[in-house]
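Hi,

Here is the model I said I would pass on.

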Amino acid sequence: MPSSEPRPVFQLNPLAFPVETDMRYLLLVIAAVGTTFGLANYAIYSVLPSFVPDSTAKGISIIGAFVIVLLLFGIAHQRAGRAARALVAREQWELFPPPGGDALERASLQRMTTHVDQVMQNLPAVAGQRLDLHWNDSSADHLKNAGMAFGYRDRQHLCLNEGMHAAFLNASHTKEFLSVLLHELGHVANRDVSRTTFSIELGRTFTQLAAVLATITIGFLLFYVSRRRLNGMSDQNDVMVLGVIMQIAVSAVLITALIEVIRASVLRVREYYADTRARQWLGSAAPLIDGFERRAAPGPEASAGAPPAVPGIVVQRSSPPRRALWQLIRDYLAPLHPSNKRRINALENPSALFEVDFLTVFVASLLIGIGLSASSLVFALPFQLGDVATVWLLHRLDVQTDSTLWYAILALALLIAVATFGALVGLFVTLCLVPLVGTVGVMVQRAAFVDRTRPRQESLLPLRRLLMIALLVGSGVVLGGAITPTPGVLSLQQNRWLLAPAFAMAWAIALTAWLLPLRWFAGRVYRSHVGPKPPTVRRRSLAVLASLAITPVLLLTMVGQGAVISADLNATSAGLLPSLVLGWLLSLPLSFVIWSIGALFMWLAGWFGPARCPACAKTASYTRAITLHCTHCGEPLIAWAVTPAPISIPPLPPLPTMQSDDAPPALNGPY
Ligand SMILES: [Zn+2]
Ligand SMILES: [Zn+2]
């Protein structure tokens, strides 16, 4: 159907829904928690049994692992707080405007400061924030028209390159100056600054911690094996220990690589949204695209070879060949910055930002697998604590003479039961539901909404793509369980590898049964939400409903896989498989009951109804497609989903009074 009117999809605002940066940052934090816990727990547990009884060792290793997770976040937080100050000191950046130079230059820099201030005051998302301005005339690339936003929490900084001043003065480059400035302020508005700094420090701390933990574990196991060998006590068991060492080494490397891939992807993806923000403020993508095309050599913001501590800054240093090779591998697998070509593509085709991102889906599924495997250990914690406490009580008090003691023990048992349940629910929500519903779920919601604004043949989420997502999640969960260093419920033993495709298939079916209703809901509940405010309540309600609906299927699939893996298939498990399949078939209808109850509530709340125009109060024509504008009065209906109007850029401040080069003393003098 050819049409001369602009296609509505290009007006949609990619910032109306939670963006990719939020999701990947969430995944990074969850990955750091889950994998550090697993590694630390395994490291402590492999060392302790030589010194203390096994049950005590289990308890200590679980508590110890929790402490190490806290330590990881504490150290990363500390380092993030110091990072900005260290950077300013190392690069010798002065506060802006710098005091040096001649009077004319100073006046011109003062004029630029005034303009930057005025622009910032015009940006609602930036205006309230404190931002220290810095001046970079010292780094190797200081003449490039580029800047950098950095900092942590309430200490945010914006560094302007000397090259920005040149662009500011050159009338033909003013737009380019503005696009660089607005891109950096876009990072501030998108709340990227703190998260970037914390991601970098978290990744660095995690790598060091993982190396230490793996070294301790492997070192101890090697010591243990060689001591037995020296004492002439070697047996078949030692071969297994060597296998364990291999598994720890491989897992530690894989997990560190995974964290690095997520961390790099957070840094990469945030650029698209800073560009998007700058495009919205400017009202056009052209200045940004011009800037990318003009830069023959990549600017500081576009450097992939930046040292890990500082995104967007090129520090010239000659790297030894081994380091260069490593750089080559990492640039290929996990580049820290998108290429200019990709950024241009995202600017020219904003609907790409609404698509379901397969990397995020896969990483989320890996984490679910790792999380489900690692969490089986935590279930043991309350029991271990209970054991210790009960034994202690029985030792201290004479059971025969004191009946209140029995109540104490009963209360303790109850407490332990509640704690176990709490830990179980908490872990399931954090390691399983949050990555699934908060990433895959949100992306599916977003794409299903956008599909309602465009022709069916341009759908972002056709059935074929939905099935691919489900299959990807299935494979990710099974693989995640397999690479977990701890022998948890989902980790595949050597002789069960053949079952992996079957498990992946079972997870994919469970996921499809969840994605289909989710897509159906998301395509309907947003079209009646009008006004400028995003439909946060609807999105969160749908997330809660989706969580409730997937829980029975997810739990049963997990228990099923765990049971099949740990069962001795030759002997007692004749009835196992059929009963699992039966349970699974029962949990699917249960989830549909949950969806239906949710649908009833949403229908009663009027969320499925047609949109009512906020201006003329007439209902929009009720069709499959979302109506962006009222058909009666033309007012925007779903203003929240449409790209906002550009900001007004204040005019440049007046030029400083021209002084000849001989004159500066006049300004400095005591007049
Ligand atoms: Zn940037
Ligand atoms: Zn109207």
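The protein chain comes out with 19 helices and 4 strands, where helices (H or I, at least four residues) and strands (E, at least two) are DSSP runs numbered from the N terminus. Bear in mind that this is a predicted model, in which local features need pLDDT of at least 70 and side-chain atom pairs count only at pLDDT 80 or more, while totals for chains, interfaces and linings use all residues. Residues are numbered from 1 along each chain as its sequence is written, with chains lettered from A and ligands numbered from 1 in the order in which they are written.

On confidence: pLDDT is the predictor's confidence in each residue, from 0 to 100. The chain has a mean pLDDT of 80, with 81% of its residues at 70 or more. Residues 296-319 are below 50, and that stretch has 46 contacts in the model beyond near neighbours in sequence (a contact means C-beta atoms, placed from the backbone, within 7 Å). Residues 659-671 also stay under 50, and there the model has 8 contacts beyond four places in sequence.

As for the overall fold, 40% of the 671 residues are buried, meaning that 20 or more other C-beta atoms, again placed from the backbone, lie within 10 Å of the residue's own. Of the contacts between residues at least 6 apart in sequence, 79% join residues at least 24 apart.

Now for two helix pairs. Helix α1 (residues 20-47) packs on helix α2 (residues 54-91) at about 140°, with the axes 8 Å apart; axes are lines fitted to C-alpha atoms, for helices over the stretch in contact, and angles run from 0 to 180 degrees between N-to-C directions. That makes the pair oblique, the class left over once angles under 35 degrees (roughly parallel), over 145 (roughly antiparallel) and 65 to 115 (roughly perpendicular) are taken out. On the α1 side the contact includes F37 and Y45, and on the α2 side I68 and L72. By type, the contact residues are 13 nonpolar, 4 polar and 1 charged (Ala, Val, Leu, Ile, Met, Phe, Trp, Tyr, Cys and Pro are nonpolar, Asp, Glu, Lys and Arg charged, and the others, Gly among them, polar).

α2 also meets helix α7 (residues 193-230), their axes coming within 8 Å and crossing at roughly 130°, so α2 and α7 are oblique to each other too. L72, R79 and A83 are among the α2 residues involved, facing a set in α7 that includes F198, E201 and L209.

Cheers

Conventions. Contact = placed C-beta atoms within 7 Å. Buried ≥ 20, exposed ≤ 12 C-beta atoms within 10 Å, placed from the backbone.
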